[in-house]
Amino acid sequence: MSTAVKLAVSVLIVILLGTGVYDYLKLYENNSCEMTWMYEYPDYRKIKLGKIVDEAFPKYGLYIYGEGSYAQKISKLRLDGIPVLFIPGNAGSYRQVRSLGSVSLRKSENIGNKFQFNYFSVDFNEEFSGLYGNVLTDQAEYVAHCIKKILSLYKSSSSPPSSVVIVGHSMGGVIARALFALKDFDASCINTIITQATPHQSPVLHIEKSLQDFYNHVNYYWQEHAYTTLDHVTVVSSGGGYRDILVRNGLTSLKDIVRPDRHISTCTMSIPRAFVSTDHLCAVWCRQVVLVTTRSLFDIVDPKTKQIITDPDRRMAVFKHHYITNSGTPFTPELSREITLDATIPWEEKIDTFWQFEQPQVVSSKYLAIPLVEDDENSLLVMANLTYDDWICVCTIAKGQDRCKTCTSLSDKVRLLPSTHPNKKILRTLMEDLGEKSSHVVIVLKPVKHRVSITVELYNSMQRHLIFTLPGIYDTIISYPIAVMDASAMLHVNNKTVFYSLHLSGMDSPLKAYTALVNPRRCQKKEKEEEGNVLSLNIPWSNETVYTYSSYNKRSELDVKLQSGRPNDFDGGAVHLELYLNPSCSYQLKLKLSTVDTLGQIIRFYGVLFPAAFVAVLLMALGYILSVKKEDESVKPQDIVWDSCKPYMIVPVVSIIRVILSVENIEEITHTLGLPLDDSHSLTDKSVWSPFLSTILYILAFGTTYFQCILLYYFIATISKVFSKIFSWVPNSVLTIGILIQVVLGVTAILISMMFCGTAGLFIIYLLLIIKVLRVYYLSQQSKSKEDRSQFNFLFMLLLLLLWIIILNFPSMLVWVKNLRYSQRLNVDPSRIPCTVTAITIFIFISININFKSTLNLVFGSIFYLSAIIIMLYGLESVYRIPFITATMLTVLASYNLRQLISNKTDSSIQ
């Protein structure tokens, strides 16, 4: 294959990968969040926890939030309210409590200060808790001390609290749950936890083992004690949706961690009266979300005790109302309540299967009655913008009567819809669900001064609920690009039609992404502005509903893609696309494959898995350099990557081994030997595994590495030529000093790795390796020997490999730098062992030349190939294993070559 073709293929792969990254980082909805504003200056007053605790945790602090006169009132810490503790997340600030605290204070004032919430916040010194697991236990222990201190501040209260409400952002939510797993922690101190953008299922990056172990310990505790010590605890978790590029929504779910009747997992895009996607930091200040959180907290207060209600079922009902089912009205405990109908108010029956009621205002009350007749139309949809409670109910007309005297509220079945016009609500139900004896659904009209719009349609559910089977990934690939250019589904909708539902069978993988387009046709001209259309995508296994809406006579567009994979044990139906249409138009629906969104989904779900594929490519290239005897002196590193790292050389082998390891008897043997399961099991548990995954990741890594080698090779060539001219006049004595400096720096770097921070020392070695690569390239160009060319190619690949090792261990160095003012040594350093070992081996390779004539190089080449397979099996998600595997391989090779060098020098001295 010509170089031009290779370059074209690699450029295409880089473009695909870059398009996915761009879609992931940039192509999402605009930020619709409103800012929360303060009206008085904020005050953060630090609270001392006692000499012993403060000395044990010198980096941490506890604060109480206040503003204006309220800040003065609480300055003496004689509190008489409801305590709420905010726990920040990875690199988060205690000041992020401001939005919740300020909005809560204003709401307390609005209700006449009947009760108020006291907001506390923890200062974790903005630690990287999402990247460095060794701080998590310290954080949890400190929060436990904070809770004891907070409760002690209410001793003089008329109604002292027995528990503290916890609001945790990001990793703060994990800390909140970790409290219960602490020894001797009083579980009764917490009964309510609200988490925002918290990765409950697993770490976002499995970058170190202590982080994974912490998760396993906490989640196991919650699974084992769900019906005992945790029976009273209710937990709410909300993800940020598409805009949160740090924690995808699937990780925020509490499924299989917290018992189903004690938790709610949802997404801010789906929360009624919010309907916004929030980025990771925006979750703490987004006004729409803050208001939902505040309203729910106020509704779980017992008006008698002025503290949080102790009944967990009642709290769950409140949270379900605000986070799932809110129809735009305040929470009321009894939704299905009887309503007395006034006999003096006109009763008007509407017998048409489709009708609309529109008035600029309603002057007098009226009952609009919809007969529930047994006909082809077995479903009812009511769309209205009425803002008062109990505006719709169901009743039965008694014999001999012409109207109902009472009816039962249907408020529990009403849902809010986001739209260009506020307070858009729908009731959609099967008539049989309203009761066999029910005769009418009644819309209660009351005098209002705003425009009232009501649309009612009776329809046959079989005709409006359509099933469409999406093509599989393999079918999509072989039909490309026709699958992109042609619509996968098309539907024509006539006017006077309000609702359609398209059930998307086969929409079960994150790798599938489509775009739904609804184009209006033949719209009637309207004198006044009309409401447009609303499209919603409902994911039944995750409480996720994504909405989009448009103006009248404008095209609607909705991304049809998943934020979490379909669980293997889920049998509750398919993803469905719902259309709520203005009946004044006819429409054409198209569902098209979206290549850009598919690439973005690869990055969103599997971007953290790429290191394994990139390292596997480089290990195969290193193995090839060692094992090939007849290497052309003109071969370049990119040629080695292309010749030795093709996907078919490793991906089928990895797949076969994975199948063998999944055989029950083999799995038992590996378990007996203490070997872990390969990472496909963990990804399967998270419902994101695909048999195509290894292939996709490796192909993208292969093409990108080839392109990277081209760029780096010519960059090194240019820099080497420049440096050779600059240093050509330097005397040999100075160069000798340079070698001495290299040795001193190398030894210093190794000592830094051993004594202070593993990654810091390895970074110094990396700089020395760059200098070595530049020098060896110059020598290879001068000598034109195969030995020097092989030496250069080996060090070149080593340079790329070492860069990945530094990236994977970089969080440890960040933590070390951040904590230098407290300690010069990172006491628990997960990078110390692999980085120190790697630093020593790389320094050996810098100091000596590899013996490419050794007969054992073929064995070493096979070992490197085997290590690439191991990494694709066991380092795909558990990336913390990669530095240990590579360090082991490099140590074996470096030890052999060092022994060979010593042996040869010993033989020479004897002779």
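Modeller: Start with Cys395: its relative accessibility is 4%, so Cys395 counts as buried (under 20% relative accessible area; exposed is over 50%, partly exposed in between; 1.4 Å probe, protein chains only). This is a predicted model: local features need pLDDT of at least 70, side-chain atom pairs count only at pLDDT 80 or more, and totals for chains, interfaces and linings use all residues. Residues are numbered from 1 along each chain as its sequence is written, and side-chain values use heavy atoms, with hydrogens and water left out.

Biologist: Is Cys404 buried or exposed?
Modeller: Buried, because its relative accessibility is 3%. Cys395 and Cys404 form a disulfide (a pair of cysteine sulfur atoms within 2.5 Å), with the sulfurs 2.0 Å apart. The angle about the S-S bond is 70°, right-handed.

Biologist: How many disulfides are there in the whole structure?
Modeller: The search finds four. One of them joins Cys33 and Cys286, sulfurs 2.2 Å apart. That link is left-handed, at -90° about the S-S bond.

Biologist: Where do Cys33 and Cys286 lie?
Modeller: Cys33 is in the loop between α1 (3-25) and β1 (42-47), and Cys286 is in the loop between β8 (263-267) and α8 (287-299). So the pair ties together parts 253 residues apart in sequence. Helices (H or I, at least four residues) and strands (E, at least two) are DSSP runs, numbered from the N terminus.
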